[in-house]
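Please read it beside the sequence and the coordinates shown next.

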Amino acid sequence: YTYTINNNNNNNNNNNNIKGGGHIVYVSSTSGRLSIFSSNDQYKSKLQSASSRADIDSVADGFVEAVKNDTWRRQGLPQSMYGVSKACMTAHSKMMAKEMEKKSGEGKGRITVASCHPGYCATDMSSFRGLRPAAEGADVAVWLALRVPDEKATSGGFYIDREEVEW
């Protein structure tokens with residue numbers, strides 16, 4: 001999460017270079033759905049209501065600290081660093097959607113933000129055990145990036161196979 005967000009911000013000066021009508025797409029995962037925090041409402045609530053990167057970082061930092069101190073189980077935190085990272089990434093996309101709405105307004109010139117789950121793909125990361133080819137997994141991200149800007153295109157959504165789903 002932190003590497004991706006830092007790299008993104010360093011490359012585009014905090015998104016000031018994105019033209020109106022553009023799209024920001026985060027590749028996330030269903031491993032980062034809020035349900036992974038089912039035993040810790042505090043973390044879940046922080047991610048749902050995040051209005052700044054600091055809010056999201058506090059969840060990531062708190063999780064890392066809990067793992068270091070071996071208190072993550074007692075705190076009801078998930079055992080997947082990958083899942084927590086992807087939950088933070090999706091929270092960041094939702095926060096960024098609100099920020100872009102303020103900056104770019106509404107209509108055809110607005111910038112939309114979305115996150116998506118490509119599925120379990122046959123790539124190096126999965127030791128090629130994935131259930132779908134990488135090209136099929138990339139479809140939703142490419143579709144989100146290339147969709148025609150219009151007032152009906154939602155911003156802040158989480159998508160699987162071109163369908164907006166609950167995060």
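Trp-143 is partly exposed in this predicted model, with a relative accessibility of 27%. Tyr-159, at 5% relative accessibility, is buried.

**Aromatic pairs**
- The structure has 2 aromatic pairs.
- Trp-143 belongs to helix α5 (residues 134–146) and Tyr-159 to strand β5 (residues 157–160), so the pair ties together parts that lie 16 residues apart in sequence.

- Four strands form an open sheet in the order β1-β2-β5-β6, and their pairing is mixed.
- Strands β1 (23–27) and β6 (163–165) are the edge strands, each pairing on one side only. From one strand to the next, the twist averages 40°.
- Strands β5 and β6 run antiparallel and are joined by 3 bridges. Phe-158 stands opposite Val-165, the latter in β6.
- Helix α4 (residues 81–104) lies across β1, β2 (112–117) and β5. The angle between helix α4 and β1 is about 170°.

**Cysteines**
- How many disulfides does a search of the whole structure find? The search returns 0.
- Cys-116 is buried, its relative accessible area being 1%. Cys-121 is also buried, at 10%.
- Both values count as buried because the class takes in residues under 20% relative accessible area.

**Salt bridges within helices**
- The structure holds 5 salt bridges. Side chains of opposite charge can pair when their charged atoms come close.
- Arg-53 forms a salt bridge with Asp-57, and their closest N and O atoms are 3.3 Å apart. Arg-53 and Asp-57 are separated by about one helical turn, because they are 4 residues apart in helix α3 (residues 53–68).
- Arg-53 has a relative accessible area of 23% and is partly exposed.
- In helix α4, Lys-103 and Glu-99 lie 4 residues apart, about one turn of the helix. Their side chains meet in a salt bridge of 3.6 Å, N to O.
- Lys-103 is partly exposed at 47% relative accessible area, and Glu-99 is partly exposed at 29% relative accessibility.

- A salt bridge joins Arg-162 and Asp-139, with the closest N and O atoms 2.9 Å apart. The pair links distant parts of the chain, since Arg-162 sits in the loop between β5 and β6 while Asp-139 is in helix α5, 23 residues apart.
- Arg-162 is partly exposed at 40% relative accessibility. Asp-139 is likewise partly exposed, with a relative accessible area of 32%.
- Arg-132, Glu-136 and Asp-161 are linked in a network of salt bridges.

Methods. Residues numbered from 1 in each chain as written. Predicted model: local features only at pLDDT ≥ 70, side-chain atom pairs only at ≥ 80, totals over all residues. Heavy atoms only, no water. Phe/Tyr/Trp six-rings, centres within 6.5 Å; stacked < 30°, edge-to-face > 60°. Helix = DSSP H or I, 4+ residues; strand = E, 2+ residues; numbered from the N terminus. Buried < 20%, exposed > 50% of the residue type's maximum accessible area, 1.4 Å probe, protein only. Disulfide = S-S within 2.5 Å. Pairing = 2+ DSSP bridges. Axes fitted to C-alpha atoms, helices over the stretch in contact; angles between N-to-C directions. Contact = heavy atoms within 4.5 Å. Salt bridge = Lys/Arg side-chain N within 4 Å of Asp/Glu carboxyl O.
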